[in-house]
Amino acid sequence: MKSEDNVLGELLKEISGLINEYPLAIERRAATIQATGKDPELVEKLVKAADTMRDSGNLYLTWARHYAALAEGNTDASSDEDETEDFDV
């Protein structure tokens with residue numbers, strides 16, 4: 001049986017991958033729409049949405065890692081890591 005520490009670490013990896021992939025998928029969709037010449041306003045909204053999701057994903061992961069560290073017993077669970085690199089910010 002997996003320990004809770006391992007479960008939290010595995011979930012963080014999965015979440016991180018999905019949160020990283022999501023804005024990329026939105027950007028790909030925007031590029032497809034742009035390539036067809038349809039709805040430039042939608043393209044602009046999707047590009048901004050991808051940036052917003054990237055930023056909010058960064059914030060979410062920072063807190064998720066903080067709470068995972070607390071759950072592992074690390075009472076000094078402040079992170080000096082720069083999470084922005086995970087999201088090309």
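Visitor: Is Leu59 buried or exposed?

Guide: The model shown here is predicted. Leu59 is found in helix H2, which covers residues 40–71. A residue counts as exposed when its relative accessible area is over 50%. Leu59 has a relative accessible area of 51%, so Leu59 is exposed.

Visitor: Which residues form a nonpolar patch on the surface with Leu59, and what is their accessible area together?

Guide: The patch on the surface is nonpolar, and Leu59 is one of its members.

Visitor: Is Arg54 buried or exposed, and with which side chain does its own side chain make a polar contact?

Guide: Arg54 also has its place in helix H2. Buried means under 20% relative accessible area. The relative accessibility of Arg54 is 9%, and therefore Arg54 counts as buried. At 3.3 Å, its side chain makes a polar contact with the side chain of Asp51.

Visitor: Why does Ala30 count as buried?

Guide: Ala30 is found in helix H1, residues 4–36. The limit for a buried residue is under 20% relative accessible area. Ala30 counts as buried because its relative accessibility is 2%.

Visitor: Which residues is Ala30 in contact with, leaving aside its neighbours within four places in sequence?

Guide: Leu42 is twelve residues from Ala30 along the chain, and the C-alpha atoms of the two are separated by 7.6 Å. With neighbours within four places in sequence left aside, the residues in contact with Ala30 are Val43, Leu46 and Val47.

Technical notes
Residues numbered from 1 in each chain as written. Predicted model: local features only at pLDDT ≥ 70, side-chain atom pairs only at ≥ 80, totals over all residues. Heavy atoms only, no water. Patch = residues over 30% accessible without salt bridge, like charges linked within 9 Å, V, L, I, M, F, W, Y side chains within 5 Å. Areas by Shrake-Rupley, 256 points an atom, 1.4 Å probe, with all protein chains shown as cover. Salt bridge = Lys/Arg side-chain N within 4 Å of Asp/Glu carboxyl O. Helix = DSSP H or I, 4+ residues; strand = E, 2+ residues; numbered from the N terminus. Buried < 20%, exposed > 50% of the residue type's maximum accessible area, 1.4 Å probe, protein only. Polar contact = N/O pair within 3.5 Å; in protein donor to acceptor, adjacent residues only side chain to side chain. Contact = heavy atoms within 4.5 Å.
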